[in-house]
Amino acid sequence: MPADLPDLPYPRDLSFLLQRRYGLLATAAALTVPTASLFAADTPPPPPSSPPSPSESVRPRALAVPGGIVRLSLGPAAMRPMARQGDMPLLVLGDPIEWTAVVGIPLSAEPGMGRITVSAPGTPRDIPYPIQAKRYAEQRLKVAPGQVDLSPEDEARYNRERAHLATVMATFSEPPPPSHDLAMRAPVEGRRSGPFGLRRVFNGQSRNPHSGMDIAAPTGTPVRAPLAGRVIDTGDYFFNGQTVWLDHGSGLLTMVCHLSASDVKPGDSVSAGDVFAAVGATGRVTGPHLHWSVMLNRAMVDPALFLRDGS
Ligand code: ZN
C-alpha cells in the first residue's frame, strides 16, 4: 500500500479494511470517498449560554452513548470503592466525601441499560445507567473487485500483534490519575480529518467503526503527551505503524499511531505536554496524520470528551 495517494482528500488509516475473514487489502486508488457524508451526523452540543459550573467543566465530559462516558456517583466512603463493569475494573476518582466511577461505554454497546457493580465495604450493589442511541456519521467505500489477500506472513504477523496488543490493552495500574479533572490536550494541533465513531461500510458491508480521532499534520510534527503517564508499549505494527501507548492510571490509556519517530521506551514517564514522538505515515495509511485513541476500561471512547474545548 503506497503511503501517499494524492487522489484521497483526507489522509486516514486504513485499518478498517482489515478483515481477518476475507483478508482484504483495498486497492487504495479504487477508494471512493463521499466527502459530504464525512462530518454530517456528529454535531457538537450547542455552546453553553452561561459560564459552566466547575463540575461541568471537569473532563471527561459525560455523554451516555456508545463510545461515550458516564460519571456515576458512588457516594461517600472512607476508602476508595472498587467498581467493575462485568469483569472490567473501573476508574474511580474522588475523595471520602464523594467517589465517582468514570466508565467508558464500548462503541459496540447497545442502547438500553448499562450496569456497574460496586464492592464497597458492606454489600455489593449495582448501579444501572441508561445508554442513549447515537448515530455516528457513515462513510461508504467502494473497492474494486481485484482485492488482494493478506499474505500468510502478514496474516501471521497481524495475529501475533493482536495477541500482544490484547495484553497491552488489559493494563490496569495503580495509582489512579492524581487529579479528578482528566482534561487532555490534543497531542498535535491540526484539522480533524477523521472523526471518532465514523461507521465504515465497505462494498456495502459494515466494518469496525473508527475507534479514534485522526488529526491531519505533516510528517515530523511533534506529538505531545495529552496527560501525564507512563509508556507501556512501543512498536511498529502492521496496520497502526509506529505506535506508542501511554498508561495514565486505572485503565485510562492513550495510543498514538502512524508515527515517523518516537524517543521513548516502555517504563519511561512523560509529563503532560512533553514531546515524545513525531507524526508520520507508517502502517496502513494514505498520508501523514496522527491517529489518537483513548481507552477507558478497555473501551475505546471519543477523545474529544477529554478536550477542554470539546472540539
Ligand atoms: Zn484513525
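**Strands, turns and backbone geometry in a predicted model**

Modeller: In this predicted model, β17 and β18 run antiparallel to each other, paired over five bridges.

Colleague: Nice place to begin! Which residue of β18 stands opposite V244?

Modeller: β17 spans residues 241-247 and β18 spans 252-262, and the two pair in the antiparallel sense. Across from V244, the β18 residue is V256.

Colleague: And in the turn of that hairpin, what is the phi of G249?

Modeller: Four residues separate β17 from β18 in this hairpin. G249 sits in the turn with a positive phi, and its value is about 110°.

Colleague: What about S250: is it buried or exposed?

Modeller: S250 is in the loop between β17 and β18, and it is a residue other than glycine with a positive phi, near 55°. Most residues other than glycine have a negative phi. The cut-off for buried is under 20% relative accessible area. S250 has a relative accessible area of 4%, so it is buried.

Colleague: Let's look at the other neighbour of β17. Which residue is the bridge partner of V231 in β17?

Modeller: β16, residues 229-237, pairs with β17 in the antiparallel sense over seven bridges. A hairpin through three residues joins β16 to β17. The partner of V231 in β17 is L246.

Colleague: How many of the seven residues of β17 are buried?

Modeller: β17 pairs with β16 and also with β18. The strand is mostly covered, and its count of buried residues is six.

Colleague: On to the open sheet of three strands: why is one side of β2 and of β5 left without a neighbour?

Modeller: The sheet has the order β2-β6-β5, with antiparallel pairing. β2 (69-75) and β5 (91-95) are at the edges, so each has a single partner strand.

Colleague: Which residue of β6 stands opposite L72?

Modeller: Opposite L72 stands A101.

Colleague: Now the prolines. Which residue is joined to P60 by a cis peptide bond?

Modeller: P60 lies in the loop between α1 (54-57) and β2. Omega is about 0° for the bond, and the residue joined to P60 there is R59.

Colleague: Where is P175, which has a cis peptide bond from E174?

Modeller: For the bond from E174 to P175, omega is near 0°. P175 is in the loop between α2 (152-169) and β11 (192-194).

Methods: Residues are numbered from 1 along each chain as its sequence is written. This is a predicted model: local features need pLDDT of at least 70, side-chain atom pairs count only at pLDDT 80 or more; totals for chains, interfaces and linings use all residues. Side-chain values use heavy atoms; hydrogens and water are left out. Two strands pair if DSSP finds at least two bridges between them. Buried means under 20% relative accessible area, exposed over 50%, partly exposed in between (1.4 Å probe, protein chains only).
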